[in-house]
Amino acid sequence: MQRDDNRKTRGSSPEADSVDIELGLRSEVTSVKGWLKELNMSQYLENFESNAISVQDLHELTSDLLKEMGIKPIGHRLTLLRGAKNMQAQKRYFLRNHVVTEFHDWTCCGKLDCFRRAYKITAATMTVIDPRCCSTTYDNVDVTMIRDINLHAGCCLSTLVLETTDAKLHTIPIRLCNDRAAEVEQIIRNLRERDQSLLGNNANAHGLGGAA
């Protein structure tokens, strides 16, 4: 499946951070002080604090910015830049692999459980697992490809319909009990809002937000 390469350049935003907390998607690095300690660069804590640099800003560091902050040795600047790059790579890996929720389609017959379509959602993708008689297919749909979410509620069961731009799975109908369907819908909406927040934050940081 196709994936959005822009994800590689996304940083953070207050809105995305709040969703991360709600969905348990916090990265391991929680403070500049701890990050500098891991890099054996604690001597520069005052440089970061006096310039109000937070964890959310680390991915935007450049050699010139570090020099402007008073960090002169080239080797130390390279160490800090590598540390920031590695931190972003670790966060992307975590978000793509940390499972937010898993569930199966509802069926009326327990004997058919082994053939129920299953779903696994991370912060980056939804994996649709479709068991067949002789094989099982796995299709990954990037969160960025989900363009619309519609919940059709019945007396006890609901159908959650996802419209995507994926070449193979244009429409994904999911049958769940009402409470679970509403819960899954909210999770997917939160992830979409998080993704859009990161896209908007990245665009604004690079002057792509348009005129006010």
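User: Is Tyr 119 buried or exposed in this model?

Analyst: This is a predicted model. In it, Tyr 119 has a relative accessible area of 1%, so Tyr 119 is buried. The cut-off for buried is under 20%.

User: How do I read a pair of aromatic rings?

Analyst: Look at two things: the distance of the centres and the angle of the planes. Here the count comes to 2 aromatic pairs. One of them is Trp 35 with Phe 48, an edge-to-face pair with 6.0 Å from centre to centre and 70° between the planes.

User: Which helices do Trp 35 and Phe 48 lie in?

Analyst: Trp 35 belongs to helix α2 (residues 32–38) and Phe 48 to helix α3 (residues 45–50), so their pair ties together parts that are 13 residues apart in sequence. Trp 35 and Phe 48 are both buried.

User: And why is the pair of Phe 103 and Tyr 119 stacked?

Analyst: Because the ring planes are at 20°, with the centres 5.0 Å apart; stacked needs planes under 30 degrees apart. Phe 103 sits in strand β1 (residues 99–104) and Tyr 119 in strand β2 (residues 118–122), so this pair ties together parts 16 residues apart in sequence. Phe 103 counts as buried too, at 6% relative accessibility.

User: Which residues is Ala 84 in contact with, leaving aside neighbours within four places in sequence?

Analyst: Those are Trp 35 and Leu 58. Ala 84 is part of helix α5 (residues 74–97) and is buried, with 5% relative accessible area. Along the chain, Ala 84 and Trp 35 are 49 residues apart, while their C-alpha atoms are separated by 8.9 Å.

Definitions and conventions: Residues are numbered from 1 along each chain as its sequence is written. This is a predicted model: local features need pLDDT of at least 70, side-chain atom pairs count only at pLDDT 80 or more; totals for chains, interfaces and linings use all residues. Side-chain values use heavy atoms; hydrogens and water are left out. Rings of Phe, Tyr and Trp (its six-membered ring) pair if their centres lie within 6.5 Å; planes under 30 degrees apart count as stacked, over 60 as edge-to-face and the rest as tilted. Helices (H or I, at least four residues) and strands (E, at least two) are DSSP runs, numbered from the N terminus. Buried means under 20% relative accessible area, exposed over 50%, partly exposed in between (1.4 Å probe, protein chains only). Contact means heavy atoms within 4.5 Å.
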